[in-house]
Amino acid sequence: MQDHGEANAGRRTGGTGPSRRGVLGLAGGAALLASGCGPDGTADSRPGTGGTERGTGPAAEGVLGVNFNEEPRGVTTAVLDDLRTKWVRGFVAMPDLDTVQALRQPAISSITSFADSGYGTVLSLKFPFRGKPLPQPGTRAMDAELARVDRVLGAVLGKVDILVIGNEPFLETRQEDRASLLNPFYEAVTAHVIAEREKHCGTRCRTSLYMGALNRLEDPAWRTPAADAWLAHVKATPQIDGVDIHPHVSRIEDAEAYTDYVLPAIRPEQRFLATEFSLVQWWKQHWSDPVPTVYADRHRVPADTAVWEAVRDAVADPVTQQRWRDLLMNSPWFATRQDYLTNQVRRFRATGRLAVAAYGTLQQPPMARDIGPEKTPWLLNSLYANLVAQPSANGDLAHNPVYFDAFRALQDPAGGS
């Protein structure tokens, strides 16, 4: 996701589920332990780890977890337990490592804490180069970038289950560099990570490696020679277990372009992650629609109020849970998509090659900042409505009207297959 990755705390609550106190604490406390090779130095041979024998956490096979991006505050074990999931994903922006020790960086400390508590974990490495050229192998700039990588590796190798090399490389690189500089940079980082993993904890290391993530593949213009080369590198590198995708789309059919493009291009035993996915582009198409008539009449707002205006007002003065539900469930563009999460995860699983999918959890302050007609409505995705709806009488968080329950049902294989 592109416009809500700032490090800010979540703030408002409502609904049933974990309380304000439980949600707004750091996830299980910081885990300030040195990296190793798992609690007992051994690995098992369960499926779901890209065909290798590694891992001591839950198996990464068709699972659905939560995603906090780079803002872990509020995503606690209470939240994961409320959602009935055993998996959590976040990302770390590499420049953070210049100013904070790796194990004190919020995303890393939270991910390692979850790992210590027995949850499955995915950490993506974000290299933000939208405003300057990517470093090239053999240069001082590349050495500096690899030094940042080493700080992360020292904290997470042998501890996290899946390390993703890259967050959204093609979006986080200057357009003029995508065809020429992008692949050499990421291939050099990958070779370095592979070598460091071997040095730290050998071929049976708990930490699997993926490359990621590819975006906008529903648009043929994004299926470029550079993207082809990215996948060719994934296929040719035996230490890589698969690739990550981020299908933020306007219709569920568009997500098939991702798996149809990616899966035939990699080895049959390799898998895919979907560490972000949503219908946010569909929400955006209806962001300036008028609120539903029943909502306007029931809550005495002008009939020509735009959806974004109603959401902006709810951020400024959180509404009741029922009023938030009235807004969304009486809007045909939302109500007709209430089975999206269920159907999308089932489609991912039907490929037989999904390792981990992760869905957005809490509404985060950058999602609610400067709301206007051009704002991307990321906050309509979230499983909790913590920034727009009031807490319940006992202080529990408000939920997304349909996706919260769908997410929990998908944790049961019988309900999600």
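Trainee: What share of the contacts in the protein with a separation of 6 or more comes from residues 24 or more positions apart?

Mentor: Residues 24 or more positions apart account for 78% of those contacts, where contact means heavy atoms within 4.5 Å. Please keep in mind that this is a predicted model, in which local features need pLDDT of at least 70 and side-chain atom pairs count only at pLDDT 80 or more, whereas totals for chains, interfaces and linings use all residues. Residues are numbered from 1 along each chain as its sequence is written, and side-chain values use heavy atoms, with hydrogens and water left out.

Trainee: How many helices and strands are there in the protein, and what percentage of its residues is buried?

Mentor: The protein has 16 helices and 8 strands, which are DSSP runs numbered from the N terminus (H or I, at least four residues, for helices; E, at least two, for strands). Of the 417 residues, 59% are buried, a word that stands for under 20% relative accessible area, with exposed over 50% and partly exposed in between (1.4 Å probe, protein chains only).

Trainee: Why is α5 called roughly parallel to α6?

Mentor: The axes of α5 (residues 182–201) and α6 (residues 225–236) come within 10 Å and cross at roughly 15°. Angles under 35 degrees count as roughly parallel, over 145 as roughly antiparallel, 65 to 115 as roughly perpendicular and the rest as oblique, and that crossing therefore makes α5 roughly parallel to α6. The contact is made by L182, N183, Y186, E187 and T190 of α5, together with A226, A229, W230 and H233 of α6.

Trainee: How do you know that C201 and C205 are joined by a disulfide?

Mentor: Their sulfur atoms lie 2.2 Å from each other, and a disulfide is a pair of cysteine sulfur atoms within 2.5 Å. This is the 1 disulfide that the structure holds.

Trainee: Is that disulfide left-handed or right-handed, and are C201 and C205 buried or exposed?

Mentor: The torsion about the S-S bond is about -60°, so the disulfide of C201 and C205 is left-handed. C201 has a relative accessible area of 11% and is therefore buried, and C205, at 0% relative accessibility, counts as buried too.

Trainee: How do you know that L279 is buried, and where is L279 placed?

Mentor: L279 sits in the loop between β7 (271–274) and α8 (280–285), and its relative accessible area is 1%, so L279 is buried. Although L279 and L341 are 62 residues apart along the chain, their C-alpha atoms are separated by 9.1 Å. Leaving aside neighbours within four places in sequence, the contacts of L279 include V249, R337, Y340 and Y403.

Trainee: What makes Q344 count as buried?

Mentor: Q344, which is found in helix α13 (residues 340–350), has 2% relative accessibility and therefore counts as buried.

How values were computed. Axes fitted to C-alpha atoms, helices over the stretch in contact; angles between N-to-C directions.
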